[in-house]
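Subject: Handover of a structure

Dear colleague,

Please find the structure below for your use.

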Amino acid sequence: MIATAADIVRKAIENCKRATTIKTEDLPDIIIEKPKRDEFGDFATNVAMLLAGKEGKPPRQIAEAIAKEIRQIENIKKVEVAGHGFINIFMDDEYWLSLLKEVHNLKEKYGTSDAGSGKKVQVEFVSANPTGPLHIGHGRGAAVGDSLANILKAAGYKVVKEYYVNDAGRQVYILGESVRKRMEELQGKDVEFSDDYYKGEYVKEIAKDFLAERSSAGKAQSTSTVQDFACEAMLERIKKDLQDFGVEFDNWFSEKTLEDEGLVNNAIEELRKNGYIYEDEGAVWFRTTQLGDDKDRVLIKADNEKTYFASDIAYHKKKAESGFSTIVNIWGADHHGYEARVRAALKAFGYDDNILKIIFIQLVALLRNGVQVPMGKREGEFVTLRQVIDEVGKDACRFFFLMRKSDAQLEFDLELAKKQAPENPVFYVQYAHARICSIIKHAKENGISLPTTEGVDIKLLSLKEELDIIKKLASFPDIVKGSAIAMEPHRITFYLQELAGLFHPYYNKNRVVADDKSLTNARLYLCEAVKRVMQNGLKFLGVSAPEEM
RNA sequence: GCGCCCGUAGCUCAGCUGGAUAGAGCGACGGACUUCGAAUCCGAAGGUCGCAGGUUCGAAUCCUGCCGGGCGCGCCA
C-alpha cells in the first residue's frame, strides 16, 4: 500500500517526539484536508494548531518542526508552513503516478477499504405497506438504501438489507375487504365503497386474479384467505418493481411472524418487568416519556387490539438482539415523529440507542416542463415508481434520486432526466464512460493494444489536466470511505460528476490516440483508469456504465 | 404551541466531523466540428452563506434568539 497523507504526517510527528521537539502524548486526530487552492498544496493539516495549546508553543513553531520531519519522507516535493500554522504538503509526481497504478492493480476493488472491519450493519428500507404500489418516495428510499448498502460493503462492513413487511393490522385488512368488494362488483353485485377503502386499479386486477385462480375452489372465501391473497399479490408487484429498479433484499421480514411467535407479548412483558408499563382508561401504555419521548404511547388499545407501535418495539428489540453494530432505518421524513419512541423502546430494553441510525428521506417533487406534477395520495393520483422507471429509465431514476442528500427535498425534472445532453448529469457521466470505451475501441482498431503497468511510461502524463485527473482518481477511496461513514451516498454522485467534468475537457483539448506511441500508451493507461473508477462508482449507485449510448 | 428538517449565485444544489480569498451545474450571452463520439468543449458574468448575537486563533459549519418554507404532534398505519 502507498502511504496516505495521514500516514506521512503521523510518521513525522512520531519523529518529532523522538527528537523531543514535541512532548504531547495523546495526539489529536490527524485531519488531512484537500485545500481548495492549489497553492496550499495537495494536502494540508492543522495538527500544529491543535497541538499548540498542549505544547504551550506558538503553532507556527510546531508546524515548522513537523514540516522539517515531513521533508525527510520520500515522495515529498515541498512542505510549507502557512497562515496561522497550516502545514501544506506537496507530493511529487512519482507519488501520484504510483497511485494511478493502484487503480489498475486493484481493478474492481479500487475504492474499497476495510474501514468497517467486518462489522455487521443492517439496513432496513422501503418497507412500504403491501396495500398499494410503490410510489416515487419509496423509490428514493430504495435508491438510497440500496446504494448505501453497496457503499458500506465496499467500505468493509457486512451488510444485511431488510424489508419489513406490514402484513398485519388494519391496513391489510382493508386491502382484503377492498378486493372482496371489487370481486362482488365483478360478479355483478351493486357495491358501495367506504372512504377508507383502496380504490386503485390494482385492487380490481387483484380481484380479477383471485376470481380466476380461486373461485373454483368454492364460493365462500374467508376474510383471511382474500386478505392473504391480496397481500401476497401486492408484495409480488412490489418485488417486481424493486427488481426492475435493481434492488434486491436479503430479508423480507414479516410483521405477522412477530405476533405469531409471541414476540410482541414478550416485548411488552419485558417492558412491564422493567417498570415501563401502566394501564389507563382500559389501554396499556408504555411510559416513553421517561426515556426522552414527549408523550407516552399506547401499546394495547381499549378494544384489545395492539397498535402498530407494539409490533415495532418487538421488531426493534429483535434487531438489537441480532448482533448488528449498527441498525439503519430509512424512513420517509413524515415519520420523524416516530424516532423518539423507537429510541425509547431500545433504551427500555437496555440497549444503547446509538446503535440506531435513522435516515430520513425528504419529499420528491416531480417536475414536468418546469411545472410540479400534483401528487395527492387520494384517488390514485400519486405517481408510481413504475411510471417513472418506464418514462426515464432505471439509470436516470436512480441517479436523480441520489443527486441530493437525503434530508433535502429533491426536484426531479422528468424532461431533464430523459435528455441526451450534457445538462443531464446522468447522461454526462455515462457519456464519459462510453466515450472512453469508444477511444479504446478506436485504438484497438488501429492495432494498438492496451498498455500494461509494466509497458507504460507514465511519466509522460505531465500535463496539469492529467495530474488533476490522477489526483481525482486517487481521492476516490477516501470519498467512498467518507460516504460510508457519513452514510451519504450522494457524495459518490457528486464525485462522478466532477470526474466526468475533468475528463471531457481533457479529451477535447488533447488527443489520446496519436502518432507518438509512448504518449498514446500513457494516455490510454490513464483513460482505462478513469473508466475503471467510473464503473466502480456507478456500480455503487446501481447505475449502468454503458459501452456505447 | 412543541419537536425535526431546510434556508448558500437568477434556478437547482455541494461545501467532507470548525480552517486559508465560499464552489459546481444549469440558465442567459459570445465562441469552437477535414482528426479518437460537437451526445462535447472554451470564455467572461453572477454572493450581506435568511437576520441578530455568542463560543475561539479561526464559523456557511457549533450554541442561543428571531424570520421564512416543509413535515410531524391519534387508543391511525
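The axes of helix α1 (residues 5–18) and helix α3 (residues 59–70) come within 8 Å, and they cross at roughly 110 degrees. Please note that this is a predicted model. Angles of 65 to 115 degrees count as roughly perpendicular, and α1 and α3 are therefore roughly perpendicular to each other. Their crossing is right-handed. On the α1 side, the contact is formed by Ile8, Val9, Ala12, Ile13, Asn15 and Cys16, while α3 contributes Ala65, Ile66, Glu69 and Ile70. Sorted by class, this contact of α1 with α3 comprises eight nonpolar residues, one polar and one charged.

A second pair consists of α18 and helix α19 (residues 517–541), whose axes come within 10 Å and cross at roughly 155 degrees. Angles over 145 degrees count as roughly antiparallel, so α18 and α19 are roughly antiparallel to each other. The crossing in which α18 passes α19 is left-handed. From α18, the residues in contact are Ile492, Thr493, Tyr495, Leu496, Leu499, Ala500, Phe503 and Tyr506; those from α19 include Arg523, Leu526, Cys527 and Val530. By class, the contact of α18 with α19 holds 15 nonpolar, two polar and one charged residues.

In total, 61 residues surround RNA strand B, and the closest are Gln171, His336, Pro422, Tyr431 and Asn508. Of the atoms of RNA strand B that come within 4 Å of the protein, 62% belong to sugar and phosphate. The residues of the surface near RNA strand B divide into 25 nonpolar, 18 polar and 18 charged.

- Base: a polar side-chain atom of Asn88 lies 2.7 Å from a base nitrogen of RNA strand B.
- Phosphate: an N or O atom in the side chain of Arg435 is 2.6 Å from a phosphate oxygen of RNA strand B.
- Sugar or linking oxygen: one such oxygen of RNA strand B is 3.2 Å from an N or O atom in the side chain of Arg491.

Yours sincerely,

A colleague

Terms used:
Residues numbered from 1 in each chain as written. Chains lettered and ligands numbered in written order. Predicted model: local features only at pLDDT ≥ 70, side-chain atom pairs only at ≥ 80, totals over all residues. Heavy atoms only, no water. Near = heavy atom within 4 Å. Polar contact = N/O pair within 3.5 Å; in protein donor to acceptor, adjacent residues only side chain to side chain. Nonpolar A, V, L, I, M, F, W, Y, C, P; charged D, E, K, R; others polar. Axes fitted to C-alpha atoms, helices over the stretch in contact; angles between N-to-C directions. Helix = DSSP H or I, 4+ residues; strand = E, 2+ residues; numbered from the N terminus. Parallel < 35°, antiparallel > 145°, perpendicular 65-115°, else oblique. Left-handed = near helix turned anticlockwise from the far one by under 90°. Contact = heavy atoms within 4.5 Å.
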